[in-house]
Amino acid sequence: MKLRVRPNGTHGLVHHVTPASAGWTYVGFDLQRLGVGKRAGAQTGDREVCLVFVSGKGKVVIDGKDFGELGTRLSPFDGPPAAVYVPAKSRWAVTATTALDLAVCSSPGGGPYEARVIDVPAQITRGKGSNTRYVTNILPETDAANSLLVVEVITPNGNTSSYPPHKHDEDNLPHESLLEESYYHRLNPPQGFALQRVYTDDRSLDEAVPVEDGDVVLVPRGYHPVATVHGYDSYYLNVMAGPKRIWKFHNAPEHEWLMKA
């Protein structure tokens, strides 16, 4: 399958990943790139949505309720994100008040959830040495939602992340959960690149994906580490969903020793 999805243009709806286009069941991802005064919006239908202000600011209205102007950063590398949860059977709209990159993360909805501005927790440091990265759990399993999980990660140049290699492609709790995952990548400076490998134990899937600024990488199954190169920091926004809203991963056994090094 095609794992790397390139942006479609530079304005408006530049990414539109659906379960049908990805060949899977749960995860959807859109990226709206809006100029000042431009508007994006939709009816959620039977899906729930997390709106992430990747960069820029905008005014948010959900089912006629004004949630005000949100967004605190002009670059995904500059401070915490703003985010909004939108439940199923709702209508949302965002009008850009600056240049705005708006991620629309979605998965099957349901349950007694209400629209809310997400209280995004502080960034945490994960790993050490050249495996250090900085994680913001925008919509973790401890927050109210039906199936959606959203997280963003900044990886300094020359470091690895989503590493040691891990997977979450088996519905085998409490040992491992089945979660599809998309990665929306950005680079700083933007002319840079990174590398992501997606592979399974039996190598029936084994692809090394070159990543440039604005690309999406699909992870239907298998391990999926990311490596940055000297001079270029990496940002990615992960969207995950599956039959159970639990993130339980399995490390590649041959690399497990790295957890103790």
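So, the lining of the largest pocket: by class, there are 17 nonpolar residues, 11 polar and five charged. Keep in mind, everyone, that this is a predicted model. The space in that pocket comes to about 650 Å³. As for where the lining comes from, strand 13, strand 14, strand 19 and strand 24 each put in at least two residues.

Okay, next pocket. Two or more residues each come from strands 2, 3, 4, 5 and 10. Which strand gives the largest share of this lining? That's strand 3, with four residues. By class, the lining splits into seven nonpolar, eight polar and two charged residues.

Now, strand 4 also has a place in a sheet. Four strands make up this open sheet, in the order 4-9-6-7, with antiparallel pairing. Strand 4 and strand 7, residues 65-70, are the edges: each has a single partner strand, so one side of each has no neighbour in the sheet. On average, neighbouring strands here are turned by 15° against each other, ignoring direction. If you zoom in on strand 4 and strand 9, you'll find five bridges joining them. To get your bearings there, Gln43 stands opposite Arg91 of strand 9.

Last topic, the aromatics. The count is six aromatic pairs. Take Tyr183 and Tyr236: the ring centres are 4.7 Å apart and the planes are at 50°. Why call that pair tilted? Because tilted covers whatever falls between stacked, under 30 degrees, and edge-to-face, over 60, and 50° for Tyr183 and Tyr236 lands there. And here are our two strands again: Tyr183 is in strand 19 and Tyr236 in strand 24, so the pair ties together parts 53 residues apart in sequence. Buried or exposed, then, is Tyr183? Buried, at a relative accessible area of 1%, and Tyr236 counts as buried at 1% too.

One more pair to show you: Tyr199 and Tyr223, also tilted, with 5.1 Å centre to centre and 40° between the planes. Tyr199 is in strand 20, while Tyr223 is in the loop between strand 22 and strand 23, 24 residues apart. Both Tyr199 and Tyr223 are buried.

Conventions:
Residues numbered from 1 in each chain as written. Predicted model: local features only at pLDDT ≥ 70, side-chain atom pairs only at ≥ 80, totals over all residues. Heavy atoms only, no water. 1 Å grid on protein atoms, 1.4 Å probe; cavity = no way out; pocket = protein on both sides within 12 Å on 5 of 7 lines; lining within 4 Å. Points joined across faces, edges and corners; volume = space filled by probe spheres on them. Nonpolar A, V, L, I, M, F, W, Y, C, P; charged D, E, K, R; others polar. Pairing = 2+ DSSP bridges. Axes fitted to C-alpha atoms, helices over the stretch in contact; angles between N-to-C directions. Phe/Tyr/Trp six-rings, centres within 6.5 Å; stacked < 30°, edge-to-face > 60°. Buried < 20%, exposed > 50% of the residue type's maximum accessible area, 1.4 Å probe, protein only.
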